[in-house]
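Colleague: Walk me through this one, please. I want to learn how to read its main features.

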Amino acid sequence: MPKIATIGDVNVDLIARIDQMPDLGKQVVTRDFQTHGGGCSANFSLQCARLGVDVQLFGKVGDDVFGTFVLVELEDNKVDTRNVRLTDRKTGVTIAMVEGIERSFVTFRGENATYSINDIDLSKIDADIVHLPSYFLLDGLRNDYAHLIDLLHAAGIKVSFDTGWDPRGFQKAEVDPLFGILPKVDVFLPNIDEARNILGDRGL
């Protein structure tokens, strides 16, 4: 079985199930509330570990109650979190409001927004495949994806890539660099809506 590492966002998800969204300035009562570790990179590593795969997680969280919570949950599931950096700033948080089958999100990126290639010790990667998610959320890493992929390939490591959704609306300045990155990746994992927004007039 291949060894896997993932580099990217780590945060906490606060999930409320509601019957309807509140009007501005109003309040509704949630039918259920849950707290989980979140972030695409953390979620990916958690599911890999539950499948019995050796997985490393590279990311950054604040040394706060949310950072402690997500790291404990990951470590309890045998995710290697030794390369998640702790800082004196805030861990990212996503508030998810679930109405029927639809979900709406409010995200505070916290240290995910500052995570950069300078935070990654590439010599610590012990993997056959590295998964890179959340391109649009990781401002500090976005301009270095092509270089990072080249470094991983030079080390004989395959790369999978998942941009995720762009909360800014798939603006040209963020989307255009993808066409220099995508030819480098070994596996690209968009959903259909993400693919359509990235390609625009180019297809789909």
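Colleague: Which residues in the largest nonpolar core touch the most other members?

Modeller: A word on the source: this is a predicted model, where local features need pLDDT of at least 70, side-chain atom pairs count only at pLDDT 80 or more, and totals for chains, interfaces and linings use all residues. Residues are numbered from 1 along each chain as its sequence is written, and side-chain values use heavy atoms, with hydrogens and water left out. Now the core. A nonpolar core is a set of buried Ala, Val, Leu, Ile, Met, Phe, Trp, Tyr and Cys residues joined through side-chain atoms within 4.5 Å. Buried means under 20% relative accessible area (1.4 Å probe, protein chains only). Here the largest core has 28 residues, and I7, I125, L132 and F161 touch the most other members.

Colleague: What does S41 contact, beyond neighbours within four places in sequence?

Modeller: Contact means heavy atoms within 4.5 Å. S41 meets T6, I7, G8, D9, L57, F58 and P133. Its place is in helix 1. S41 counts as buried because its relative accessibility is 0%. Its side chain also makes a polar contact with the side chain of T6, at 2.7 Å. That term means a pair of N or O atoms within 3.5 Å; within protein, one must be able to donate a hydrogen and the other to accept it, and residues adjacent in sequence count only if both atoms are side-chain atoms.

Colleague: How much space lies in the largest pocket?

Modeller: Rolling a probe the size of a water molecule over the atoms shows where empty space is left. On a 1 Å grid over the protein atoms alone, a pocket is an open set of points where a 1.4 Å probe fits, with protein on both sides within 12 Å along at least five of seven lines; lining residues have an atom within 4 Å of a point. The largest pocket holds about 990 Å³. Of its 35 lining residues, C40, T94, R103, F105 and L137 are the closest to its centre.

Colleague: Which helix gives the most to that lining?

Modeller: Helix 1, with 5 residues.

Definitions and conventions: Grid points are joined across faces, edges and corners, and a volume is the space filled by probe spheres set on the points. Helices (H or I, at least four residues) and strands (E, at least two) are DSSP runs, numbered from the N terminus. Buried means under 20% relative accessible area, exposed over 50%, partly exposed in between (1.4 Å probe, protein chains only).
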